[in-house]
Amino acid sequence: MSDGPPETDPGAGPRPAPDAVRVARFLDRTTAEGPGERSAIWVQGCTIRCAGCFNPHLFGTRGGTLIDPADLVARVTEAGTSGVTLLGGEPFEQPAGLAAVAAGIQAAGLTVMTFTGYEHAVLRTRASDGDRAVAALLDHTDLLVAGPFRQDLVDRERPWLGSTNQEFLHLTDRLRNVSGPDRLEVTVTASGDVSVNGWADTDALDALLAGLPTRRGR
Ligand code: SF4
């Protein structure tokens with residue numbers, strides 16, 4: 001039995017910064033959440049609540065752990081990956097802290113991919129209306145995946161996307177011409193806990209994991 005990629009609980013600092021991020025899960029290394037080998041941060045909380053969402057356990061804002069942006073940047077750079085993927089939950093419902101994370105990651109020469117359930121035009125309007133945190137998170141995202149999940153429009157062609165209405169937005173030149181297969185990663189810890197992340201057809205996933213105590217990542 002493999003332990004899978006290293007994963008650790010997001011530990012809390014003694015006094016989180018005002019822009020601390022409420023993190024549901026941190027994965028040091030994954031090849032299922034964007035191009036190349038990346039770290040992944042799932043945030044806790046999403047008010048969009050798409051029908052058929054893969055992560056309904058991340059809707060509420062009471063779970064997760066508050067972590068300072070600087071600590072998250074350090075975790076990613078120490079992991080030695082090519083960058084970070086921000087997903088959730090809804091990253092643009094915690095834009096200030098995640099903008100700080102994204103800025104730190106880019107300053108270290110790494111890339112940022114952000115998933116959001118909001119349409120890009122909605123986020124652009126919020127930014128132009130003066131929401132500096134939203135503007136900053138957009139400014140520090142290289143590749144944005146935007147739009148709500150539609151379970152009636154499941155995307156079986158493009159990697160990483162859940163439904164055909166969702167868009168890739170290349171906000172910089174740094175993650176252009178990327179591609180990769182959809183993957184499902186299953187992590188089994190020494191104590192027998194099973195976590196999954198990545199993308200797979202819901203019926204196939206349910207059949208695979210039937211009877212196992214699991215934690216889903218996307
Ligand atoms: S798919 Fe994304 S945006 Fe939609 S409810 Fe789930 S976490 Fe929120």
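From α1, P69, L72, V73 and V76 meet G97, A100, V101, G104 and I105 of α2. By class, that is seven nonpolar residues, two polar and no charged ones. Gly counts as polar here, while Ala, Val, Leu, Ile and Pro are among the nonpolar ones.

A word on the source. This is a predicted model, where local features need pLDDT of at least 70, side-chain atom pairs count only at pLDDT 80 or more, and totals for chains, interfaces and linings use all residues. Residues are numbered from 1 along each chain as its sequence is written, and side-chain values use heavy atoms, leaving out hydrogens and water.

How do the helices cross? Helix α1 spans residues 69-79 and helix α2 residues 95-107. Their axes, lines fitted to C-alpha atoms over the stretch in contact, come within 9 Å and cross at roughly 35 degrees.

Now salt bridges: a side-chain nitrogen of Lys or Arg within 4 Å of a carboxyl oxygen of Asp or Glu. The count is seven. Take D28 and R75, with closest N and O atoms 3.8 Å apart. This pair links strand β2 to helix α1, 47 residues apart.

Next, D142 pairs with R174 at 3.6 Å between the closest N and O atoms. Buried or exposed, where does D142 fall? Buried, at 0% relative accessibility; the cut-offs are under 20% for buried, over 50% for exposed, partly exposed in between, with a 1.4 Å probe and protein chains only. R174 is partly exposed, at 40%.

Terms used
Axes fitted to C-alpha atoms, helices over the stretch in contact; angles between N-to-C directions. Helix = DSSP H or I, 4+ residues; strand = E, 2+ residues; numbered from the N terminus. Contact = heavy atoms within 4.5 Å.
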